[in-house]
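Visitor: I am new to this structure and would like to learn how to read it. Please show it to me, and we can go through it feature by feature.

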Amino acid sequence: MSRIPRSDALDNRERILEAARALFATEGLNVPLREVARRAEVGPATLYRHFPTKEILATEAFADQMRTCHLVVDEGLADPDPWRGFCSVIEKICELHSRDRGFTAAFVSAFPKAVDFTADRDYALKAIAELAGRAKDAGNLRPDFVLDDLILMLMANNGIQAASAAAQVAASRRFAALVIQAFRAVPKQAPLPPVARLALVMPGMTL
């Protein structure tokens with residue numbers, strides 16, 4: 001007969017997940033687990049009792065983002081226009097990852113012990129690969145595009161340093177537009193989203 005978790009244990013688990021989501025989003029996966037425990041106001045032993053490894057904690061913390069990622073790629077696959085579906089995936093994935101640095105770090109990591117997370121990521125990547133193949137066959141996506149280019153895009157998108165969360169998302173949208181133009185089989189200029197204030201831009205610096 002399985003034991004029903006006590007309410008205080010469930011409360012601790014939710015506090016740990018809430019703290020992990022907040023810290024992973026701003027600091028990435030390098031944040032120490034003791035800092036997660038401190039933010040959640042629980043002892044390290046309590047954290048490890050619920051989440052024995054950082055991989056397991058990250059898998060639980062990023063469950064919502066992974067579900068959103070699945071919805072994004074499924075919508076892209078369902079679009080009868082493969083190029084439009086591919087562009088939609090690029091735009092939405094970049095924005096999703098721009099809101100949470102930790103999710104990008106988890107997505108591009110091996111995570112061998114996090115079986116569920118790895119399976120979910122593999123599903124998303126295979127779906128994007130299928131969509132990319134359709135876009136190539138339609139003559140819209142450059143023929144030398146490979147899935148590694150998507151990972152490279154996510155890593156670059158994760159490096160954006162903006163002055164605020166809103167500016168971070170705005171900068172990511174502009175970056176996605178630039179990436180889409182680079183992925184086109186036939187170059188075609190289109191208006192870019194508005195410029196966002198970046199953290200490293202010096203006052204008075206213009207181009």
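Visitor: Which side chains meet in a salt bridge at 3.9 Å, N to O?

Guide: Side chains of opposite charge can pair when their charged atoms come close. A salt bridge here is a side-chain nitrogen of Lys or Arg within 4 Å of a carboxyl oxygen of Asp or Glu. In this case the side chains are those of Glu14 and Arg13. Before going on, note that this is a predicted model, in which local features need pLDDT of at least 70, side-chain atom pairs count only at pLDDT 80 or more, and totals for chains, interfaces and linings use all residues. Residues are numbered from 1 along each chain as its sequence is written, and side-chain values use heavy atoms, with hydrogens and water left out.

Visitor: Which residue forms a salt bridge with Arg13 at 3.2 Å?

Guide: That residue is Glu60, and 3.2 Å is the distance between the closest N and O atoms. The pair links distant parts of the chain, 47 residues apart: Arg13 is in helix H1 (residues 7-27) and Glu60 in helix H4 (residues 54-61). Helices (H or I, at least four residues) and strands (E, at least two) are DSSP runs, numbered from the N terminus. Glu60 is partly exposed because its relative accessibility is 33%. Arg13, Glu14 and Glu60 are linked in a network of salt bridges.

Visitor: How many salt bridges does the structure hold?

Guide: There are 10. One of them joins Glu95 and Arg173, whose closest N and O atoms are 3.1 Å apart. Glu95 lies in helix H6 (residues 82-98) and Arg173 in helix H10 (residues 165-183), so this bridge ties together parts that are 78 residues apart in sequence. Arg173 is partly exposed, at 43% relative accessible area.

Visitor: How many helices and strands does the chain have?

Guide: The chain has 10 helices and 0 strands. Buried residues make up 41% of its 207 residues.

Visitor: What is Thr104 in contact with, leaving aside its neighbours within four places in sequence?

Guide: Contact means heavy atoms within 4.5 Å. Thr104 touches His97, Leu154 and Asn158 in this sense. Thr104 lies in helix H7 (residues 101-107) and counts as buried, because its relative accessibility is 2%.

Visitor: Which residues does the "DNA-binding region" annotation cover?

Guide: UniProt positions are given in the numbering used here, feature names are shortened, and annotations may be inferred rather than shown by experiment. According to the unreviewed UniProt entry, the annotation covers residues 32-51. Over residues 32-51 the chain is 75% helix and 0% strand, with the end C-alpha atoms 13 Å apart.

Terms used: Buried < 20%, exposed > 50% of the residue type's maximum accessible area, 1.4 Å probe, protein only.
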